[in-house]
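Let's read a structure together, feature by feature. Have the chain on screen before we start.

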Amino acid sequence: MVTEQALAPAPVTSRRWRPTPAGVALALAVAGVGYRLAVLLAQAPPTNSDEATTGLVALHMSQGREFPLFFYGQHYMGALESYLATPLFLLAGPSVLAVRLPNLLLYAAFLALMWRLTSRLYSPWLAAFTVGLLALGSDRILKNQLVAGGGYPEMNPAGALLMLLAVNLGLGAVRRRAAAYAVFGLVAGLTLWDDWLVLPYVGAAGLLLLVTGWRELRGRPGAALAAGLVVGLVPIVVHNLTAAPEHRSLAVYANLSGGVDASWPDRLFGGVLFGLPMGTGLCDPGRCAPWQLLWGVLAPVLLVVAGVLAWRGLRRAPAGAGHAGPGPWWVVPAGRLALVVAAALTLLAYASSGAAGSTPVESARYLSCLLISLPALLWPLWTLAARGRWRVAGRVTLAALAATMVAATAALVAHLPAYGRQADARAELIAALDERGITRFYGGYWTCLPITLATRERIVCAVIDDDLRPGWDRYGPHRDLVTAAPDPAYVLPAGSPASRAVGAAIAAAGVPSTITTVAGHDIHHPAGRVGLPRR
């Protein structure tokens, strides 16, 4: 007989959905990539002649013409971004978007690496929070991550990868250890060719790897590391063996470090108080409000506290099981300390440079690698927010930091129409040159190369300074083409001293000329050549 109890429906057990750190991090990462893709499609941030140089190198490589190791016109910062963009140039032709799409992929890789690194060294929920902050993007941050101006988009993924490899190898979390050591050596070697700003992180990761795995390095893994390093060093070694003495790496970087002077108060303000919030994504385009500068005061304090916490953890960690020396429990505090030391060295190097005091807005890009140490800066606040009587202060501070970065991101979004108008103005200027049959012209540095790349060198420009003397031509053959033209034009900012000087020189030469103003530029088109000052 069937009882009433047997006929009753089974009780429904409700399972409440709970978010996981990995799921939250993935959603935030997708949002961060989508946001940056939308910004790229809105033709922002604006391109410039440095990025156009990257595109020009990629264009020449896609045509099989030249395969330079460095960007045209200099002997530092490897042309890695050009090599990454070349396949897209072959498929779709040259464009700013094609130059930048590899950088978007590098950013996505950076988020994945930071998730893994922060989860290993701290906690999964801090890793999710870190990914959330990195998904946001101020004007300065997006310029660093998306504009292919030399080195910046690839430095953070490289530094995070090296740190993660060192930590995972120390923890014994890698099965194919020889391959991991080879990758570490390859990436470390390539950074010496690509950009030296990431060297504090390369050095910190290398020291961590050496201290935690020195026994293993005496065998096959050490040979794999050496082999990878040798391969990675090939570009910089070839350059230094073939370049003139003044163009070799040490000489070039020694020359770059000098020549810019600023007072120490200006350096400390531009490098720390202003540089930290601007360089880590808390400021509006080109400016920091007084309340945003508070991060420049708090961040150094957090860095010191994070270093103390990491050192205490290092002192308390037990040695490796069965033998003296560091073991897996030692790796986590050592990895935390490595992030702190690398950040401190990066900040010290920048704050002691003249650029920090003389050009703090643009030079804040030199602090871009500090994003790798973001979880180290957050850890003291995260620990404070988790327990104790100060947890409210910790949570409020974290919320205020996130809100400040959201505000900086919103400020960039509000600025997107202005950036779009810059791209439209360049297209209008190119159309005006085509309408007048101008294919060779003289112009300012920031005018020349974007037009040359956009027209696939159909229109070529040579640079002149404000005194009308020859300026910095990234690619020498362009000046030869303009010099050989019978009637080159002059395209200069409307009403600028240089434009007025060109007009006076044309009048003095008695050469018939037309002048029109298009997209904020004066186009002087004389009927023949006009003699200009020579250096």
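The dialogue below takes up a helix, a loop residue and a pocket in this predicted model.

Q: What should the 12 residues of helix 6 span, and how far apart are the end C-alpha atoms?

A: Count 1.5 Å a residue. Helix 6, residues 124–135, should therefore span 16 Å, and its end C-alpha atoms are 16 Å apart, which agrees.

Q: Where does E457 lie, and is E457 buried or exposed?

A: E457 sits in the loop between helix 21 (445–454) and strand 2 (460–463). Its relative accessible area is 14%, so E457 is buried.

Q: Which side chains make a polar contact with the side chain of E457?

A: Look for close N or O pairs. Another goes to the side chain of R65, at 2.9 Å. Beyond four places in sequence, the contacts of E457 also include L56, Y475 and H478.

Q: What lines the second largest pocket?

A: Start with volume, then lining. The volume is about 440 Å³. The lining has 23 residues, with Q43, T47, V96, A423 and R426 nearest the centre. Helix 20 gives the most, 7 residues.

Q: How many lining residues of that pocket are nonpolar, polar and charged?

A: The lining divides into 16 nonpolar, 4 polar and 3 charged residues.

Conventions: Residues are numbered from 1 along each chain as its sequence is written. This is a predicted model: local features need pLDDT of at least 70, side-chain atom pairs count only at pLDDT 80 or more; totals for chains, interfaces and linings use all residues. Side-chain values use heavy atoms; hydrogens and water are left out. Helices (H or I, at least four residues) and strands (E, at least two) are DSSP runs, numbered from the N terminus. The expected span of a helix is 1.5 Å times one less than its number of residues. Buried means under 20% relative accessible area, exposed over 50%, partly exposed in between (1.4 Å probe, protein chains only). A polar contact is a pair of N or O atoms within 3.5 Å; within protein, one must be able to donate a hydrogen and the other to accept it, and residues adjacent in sequence count only if both atoms are side-chain atoms. Contact means heavy atoms within 4.5 Å. On a 1 Å grid over the protein atoms alone, a cavity is a set of points where a 1.4 Å probe fits but cannot get out, and a pocket is an open set with protein on both sides within 12 Å along at least five of seven lines; lining residues have an atom within 4 Å of a point. Grid points are joined across faces, edges and corners, and a volume is the space filled by probe spheres set on the points. Ala, Val, Leu, Ile, Met, Phe, Trp, Tyr, Cys and Pro count as nonpolar, Asp, Glu, Lys and Arg as charged, and the others, Gly among them, as polar.
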